[in-house]
Amino acid sequence: MGRFQGKVAVVTGAATGIGLGIALRLGKEGARILVVDIDRTIGEQAIDELAKWEVDARLEVGDVGDENLAHSVAEQAITTWGQIDILINNAGIAGETADIWATSPNEMERVYRCNLRGPFLLCRSIIPHMLKRNFGRIVNIASIAGKEGNPRMVPYSATKAAVIGLTKSVGKELATTGIRVNCVTPAVVRTRILDQIAPKQVDYMIERIPMKRTGFIEEIAALATWLASEECSFSTGGVFDISGGRATY
Ligand SMILES: NC(=O)c1ccc[n+]([C@@H]2O[C@H](COP(=O)([O-])OP(=O)(O)OC[C@H]3O[C@@H](n4cnc5c(N)ncnc54)[C@H](O)[C@@H]3O)[C@@H](O)[C@H]2O)c1
């Protein structure tokens, strides 16, 4: 029997990249998956990919920064499967590469809306359902940028640091319940998100990885799914490094 047999997982940004990798690993090990993504076309492709592995998966299209979406995600999962066990807050955008004085307030708002408001809204709408069954695993995908700070990526670095703060706060809030809340802080992984970042900036980020390579989606999925499993029982509010040695704390 798979680790996630009988479990229901909501994975945001699961149409591609790290989110799809996590959804595939959860699904192959038995979970039913609600894919939440802003992009319908690649969202439908992800559902087809999951179907190849006989994963029971549905798609909810929308912006994670939209409060109505957060409510309809919870509603769809509960109506379809009757429970939500796992929430993976993965949807994220890099934002423009620019000095702070050249970064517009609108750009800051745009990145905040996806990277921080999204996980905040989804935690708000899903945790009450987890509390009813006194079980849940929440995994937030932060970034090494949130710990170390990447120059010329202020909205990204600041919102990812805030995801770490959100994780620590909610983890403590729920510590005496059956819900565990943790985050991971990956360094560079080759996905579509790199298309949003200036090539010189990507080189800067890779040069700083002591292992001198980028991470693999499967490596992030392995850590995230352990954090989403019942075996993760004595860790909450934790920040799990997966940066090829880049993290200094
Ligand atoms: N790839 C990396 O180097 C790296 C490193 C550290 C952290 N991360 C984080 O990992 C997560 C996944 O990144 P990725 O590399 O797979 O990115 P990606 O760009 O390949 O995939 C992101 C997915 O999120 C979706 N999405 C974007 N905005 C959305 C919104 N507002 N609402 C709903 N869905 C939305 C996209 O359509 C896409 O399917 C992000 O939070 C990212 O910040 C990535």
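Two residues are in contact if their C-beta atoms, placed from the backbone, lie within 7 Å. This is a predicted model: local features need pLDDT of at least 70, side-chain atom pairs count only at pLDDT 80 or more, and totals for chains, interfaces and linings use all residues. Numbering starts from 1 along each chain as its sequence is written.

Q: What share of the contacts in the protein with a separation of 6 or more joins residues 24 or more positions apart?
A: The share is 74%.

Q: Which residues is Val10 in contact with, leaving aside its neighbours within four places in sequence?
A: Leu34, Val36, Val73, Ala77, Ile84, Leu87 and Ile126.

Q: Why does the radius of gyration of the protein agree with a compact globule?
A: The radius is taken over C-alpha atoms, and the globule rule is 2.2 Å times the number of residues to the power 0.38. For 249 residues the rule gives a value near 18 Å; the protein has 17 Å, so the two agree.

Q: What makes a residue buried, and what percentage of the protein is buried?
A: A buried residue has 20 or more other C-beta atoms within 10 Å of its own; exposed means 12 or fewer, partly exposed in between. Buried residues make up 46% of the 249.

Q: What makes a set of residues a nonpolar core, and how many residues are in the largest?
A: Its members are buried Ala, Val, Leu, Ile, Met, Phe, Trp, Tyr and Cys residues joined through C-beta atoms within 7 Å. The largest has 70 residues. Ala9, Val10, Val11, Ala23, Ile33 and Val35 touch the most other members.
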